[in-house]
Amino acid sequence: MLIVKKLSKSLENNKILDNINFELKDKQITALLGVNGAGKTTLMRCLAGVYEPDKGSVRFDNFSVKDNRKEYLQNIAYVPELGGLYLDMTVFEYLTFIAMLNGGCDKKMFVQTIKNLELESVIAKKCAALSKGYKKRTALAAALLKQPKLLILDEPTEGLDPKQKIALRKLLKKYAENNTILISTHIMEEVSALASHIILINKGQIICDAPESEIRKVVPDGNFESLFSSLDGDRKW
Amino acid sequence: MVGETDIIKTFFFKEFKSFFQNKMIYVLLPIYLIISFATVIYFSDFMSVANLSMQQFFLLQPRIFVIFIPALTMRLWVEEYKNNTWEILLSQPISIAAAVIGKFLAVWAVTGIMLLSSTVLWGVTAWFIGCDNMFVLANYLMTFLVVGIMCAVSAWAGALCFNYIGAFLISWAFLAILFAVNFDNTINKIMALFIDNFNARVFSDFAEITASLVSGEIKLAFIFYAFAIIATALWANVVAIDYKRSEK
């Protein structure tokens, strides 16, 4: 279980996250929703160990991101919105490099991950030559290679075609049977299709943290689009 | 959990390979050789005097590397920011120090290859003029050590910037200061105007240190100094990356 307590983060003297508290239960997909600039990416970076929080604590399975950094990060994988690929490497080299940073990985699993994400045809291609969809899938494959207990995905289906989106959702749902997933997205269709829990963030503060089914009851017409468009920073749900 | 040595090795091979993959080395190496040989032949009496130690060549090497090392190190961290791979690196269960050391060793190895390629001149000199091979070998080792210091300082300076030009310029400036203190005596000359007997130089004479290496009386102080500077620069590099983790 991921426990975030009193998390605050400022960047260049601007308070981006202010006293964030929430928990992510095991084996569920949580959607992190918020308008641009709400603090979603900063929050994800804090959870992924990229940023060091100014205040507060982040713990996963009793490991703290600050005090037990290596143990904490061993259970977590993060896929940023902008892939984060080494463009001069081939897909194979990139996946091997990430696997080596995590102590290597089982050959069978390596092959299976490539197959699951349909990367066979581009395995020898340079990352620079990949389409946006393949770049996303390569980054996701690298994250899945370490079989993280918590998978953090920033806009995971951005740039994928409808067929790839469906396949990815299926994969994520299967993965969430034994693990926890946190996704940030603007696509409401994604929230309905994947998430069982929703966290709404606005102006660096959490304004709603509830199961998807409960939110659906209070949202006009059960439509998440209206929930999203109502975000003005003052409304508490 | 992966050992630090394995992480260092992983980064070393990744960076070393990328110098050849992005073809940078194929541009820099010929330019380095042309400049090295041309400066020695045209700006010194290299071919006209007995040159048992190739001393002119080695005296010019740190000056030449002041330009080449920033060109090599500027991409080490800037590329991570540019391609957004720094997010991936910092979210892996590895220490930043291991990444910093691996990257530094890769650049140092590349400069080693550059130095090694210049041994053609050694061969030519030995064939036509004849030279004291032990002395030349010792000079190569000392130059490699000095270049190591320059690589570590330059890599740290480059880590402070987010773009290539900034990284190149700041690295060059840091090396120029290091050079002015330890090789050219410029800082001492300026400070002597204000303070009597001012001495900021840690090692005084490159040739003297090399001579001590050959004669068996190795100036351990210099070796210790070199590794202390490298370790300090690498530590400062880790601090710079860590600082960016909080502030970027």
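Reader: Why does A:Asp54 count as partly exposed?

Author: The model is a predicted one, in which local features need pLDDT of at least 70, side-chain atom pairs count only at pLDDT 80 or more, and totals for chains, interfaces and linings use all residues. Residues are numbered from 1 along each chain as its sequence is written, chains are lettered from A and ligands numbered from 1 in the order in which they are written, and side-chain values use heavy atoms, with hydrogens and water left out. A residue is buried under 20% relative accessible area, exposed over 50% and partly exposed in between (1.4 Å probe, protein chains only). A:Asp54 has a relative accessibility of 42%, so it counts as partly exposed.

Reader: What makes the pairing of A:Lys9 and A:Asp54 a salt bridge?

Author: The term requires a side-chain nitrogen of Lys or Arg within 4 Å of a carboxyl oxygen of Asp or Glu. The side chains of A:Lys9 and A:Asp54 meet at 3.7 Å, N to O, and form a salt bridge. This pair links distant parts of the chain: A:Lys9 is in strand β1 (residues 2-11) of chain A, and A:Asp54 is in the loop between α1 (40-47) and β4 (55-60) of chain A, 45 residues apart. Helices (H or I, at least four residues) and strands (E, at least two) are DSSP runs, numbered from the N terminus. A:Lys9 has a relative accessible area of 0%, so it is buried.

Reader: How do you know that A:Arg137 and A:Glu118 form a salt bridge?

Author: Their side chains meet at 3.9 Å, N to O, in a salt bridge. A:Arg137 lies in helix α5 (residues 132-145) of chain A and A:Glu118 in the loop between α4 (107-116) and α5, so the pair ties together parts that are 19 residues apart in sequence. A:Arg137, with a relative accessible area of 6%, is buried, whereas A:Glu118, at 42%, counts as partly exposed.

Reader: Why are B:Lys103 and B:Glu80 called buried?

Author: B:Lys103 is called buried because its relative accessible area is 1%, and B:Glu80 counts as buried because its relative accessibility is 1%. The two residues form a salt bridge, with the closest N and O atoms 2.7 Å apart. B:Lys103 lies in helix α5 (residues 96-117) of chain B and B:Glu80 in helix α3 (residues 55-82) of chain B, so the pair ties together parts 23 residues apart in sequence. Salt bridges that share partners join B:Lys14, B:Glu15, B:Arg75, B:Glu79, B:Glu80 and B:Lys103 into one network.

Reader: What makes B:Lys17 and A:Glu93 a salt bridge?

Author: The closest N and O atoms of B:Lys17 and A:Glu93 are 2.7 Å apart, and the two residues form a salt bridge. Between chain B and chain A the count is 3 salt bridges. Among the elements that give two or more residues to the side of chain B that touches chain A is α1 (4-21) of chain B. The largest share of that side, 8 residues, comes from α1(B).

Reader: How do you know the extent of the area buried between chain B and chain A?

Author: Buried area is the accessible area (1.4 Å probe) that two parts lose on being put together, summed over both. Between chain B and chain A this area is about 3,000 Å², of which carbon and sulfur atoms give 53%. In terms of contact (heavy atoms within 4.5 Å), 28 residues of chain B meet 36 residues of chain A.
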